[in-house]
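Open the model in your viewer and keep the selection tool at hand. The stops below go from one selection to the next.

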Amino acid sequence: MKEFSRKNLVLLVVSIAVGVVIAHIPPPEGLDSVGMTYLGIFVGMLVALISNAVPSWAACLGALALMVAFRVGTVAEVFSAFGGSIVWLMIAVFTFAAAIENSGLLTRLALKMLSVFPKNYRGQVLSLMAAGLVISPLIPSNNAKTNLLVPMATEMTKQVGYEKKSGPALGLLTAVFIPPYIGSHAFLTGSANVAFMLGVIGLSFSWVGYLSMTWVWLILLLVGTYIFCMVFCRPKEKLNLPASYFSDKYKELGKMKKEEWVALVVIAVCLVLWIGNFFDAGMVALLGGIVLCAFGILKPSDFQTRIPWGLIMFIGAIISIAGFMSPLGVSAWIATVLGPIVSPVISNVWIFVPVLLIVTWVLRAFIPAQGPCLIILFSIFGPLLPDAGISLFILGFVEYIGGNIWFNSFMNPFVIGTLGVAGNEYVTIKEFKKSAYAYAVISIVAMMGSIPLWMAMGLC
């Protein structure tokens, strides 16, 4: 423990030293002393995030405190993002999701989806993909969704009799992993990562407005996943599940309980309000969670323990810090310095999108956390894209969602957790890397395939 503490202390000191050095460099043309102070704090924070010197929320809140202390902004200005829509959207959807999970309705929905498809391999793949897609917009926690569904894929693999580390076993795990883990990013309420991505780039959308920009990508992602599972993972012999396997499990749940009925009604109402865009999406989710709390489905203790307050602090702080880049002239200065270098890349969206994906994957080979990668690339490309006619949404969406890759276990620790939940027996990281390479190809196709839609919407 002492060794670990010493290492982190050294990394923290290095982060602070880097920030101090940058802050005291004579301001170049286009920046003043306040801008250099901000730049020093910003870069020092990045070093702390990349090195994991302290938890991400601590690094970012520390940066905010330093910005106030060195008069980069007032307390109200520096912490303004915590009163904004993105932070409250996250609090709302996590509150809503915790209550829905408590109701037990999601397990019933998942089993129902699994029971209605054919029991051959094609049906097994489709049922797992459908179950993941159905629950995607309802839970913002990728971990919760995969923990719910991945064991079902393992049970299916055992029941059918697929061999360990075989293609069919890989196909079923891929089918249950990509739709809820990756595909959930097509929905405003599908992942906390969406709120983080939008917060960093400084944009906000309605529930339907966001989906209108992502639906092509989602369809291509699902089609690509299905093709991979059916072409590269198909079993050589026909092995079917018992005809009543999932329907029997569904019957074991018995009749729907009061909590499930209440949750079903609340979900239906929230979906109508989201689709109709009658109110702010976050406020709809928050009111839904309060209704569920009134029925005793969400306990007061859940609000304290089931909401990832550290993640919310991290995202709120990052949004606040990024918001100072333009007013202080840092964005304009970066654009002046990097414009001539990156202009060939951003001059054409058909070039920019694949290059951004490749650069992201290279960064992820060295930085295990996706958040710092987005912040770095936003700092580089963010000031330049508006003049090039490319929306910051494309930067955030392509970089963050495309960057959820797992060419090795270091790049995405979440994948190791998923394999552990799956039992780490039928599919290991060695086999699952094949799905990562498939996802890389699917990402390029899905992102490029979305460009005509984005062009039609005036995003590029």
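**Second largest pocket**

Start by selecting Ile16, Gly19, Gly40, Ile41 and Leu66: of the 20 residues lining the second largest pocket, these lie nearest its centre. Keep in mind that this is a predicted model. Next, colour helix 1 (2–23), helix 2 and helix 3 (56–69), the elements that each give two or more residues to this lining. The volume of the second largest pocket is about 390 Å³. Sorted by class, its lining holds 13 nonpolar and 7 polar residues, with no charged ones.

**Largest pocket**

Move on to the largest pocket, with a volume of about 930 Å³. Select Asn193, Leu311, Gln370, Tyr400 and Phe414, the closest to its centre among the 42 lining residues. Then show the helices that supply at least two residues each to this lining: helix 2 (33–51), helix 5 (85–103), helix 8 (142–160), helix 10 (192–201), helix 16 (309–323), helix 19 (370–381) and helix 22 (413–421). Which helix gives the largest share of the lining of the largest pocket? That is helix 5, with 4 residues. By class, the lining of the largest pocket comprises 27 nonpolar, 12 polar and 3 charged residues.

**Surface patch**

Finish on the surface by selecting Trp215, Ile219, Val223, Ile227, Val231 and Phe232, which make up a nonpolar patch. Together they have about 610 Å² of accessible area. Zoom in on valine 223, a residue of helix 11 (residues 207–232). Is valine 223 buried, exposed or partly exposed? Its relative accessible area is 42%, so valine 223 counts as partly exposed.

Technical notes: Residues numbered from 1 in each chain as written. Predicted model: local features only at pLDDT ≥ 70, side-chain atom pairs only at ≥ 80, totals over all residues. Heavy atoms only, no water. Patch = residues over 30% accessible without salt bridge, like charges linked within 9 Å, V, L, I, M, F, W, Y side chains within 5 Å. Areas by Shrake-Rupley, 256 points an atom, 1.4 Å probe, with all protein chains shown as cover. Salt bridge = Lys/Arg side-chain N within 4 Å of Asp/Glu carboxyl O. Buried < 20%, exposed > 50% of the residue type's maximum accessible area, 1.4 Å probe, protein only. 1 Å grid on protein atoms, 1.4 Å probe; cavity = no way out; pocket = protein on both sides within 12 Å on 5 of 7 lines; lining within 4 Å. Points joined across faces, edges and corners; volume = space filled by probe spheres on them. Nonpolar A, V, L, I, M, F, W, Y, C, P; charged D, E, K, R; others polar.
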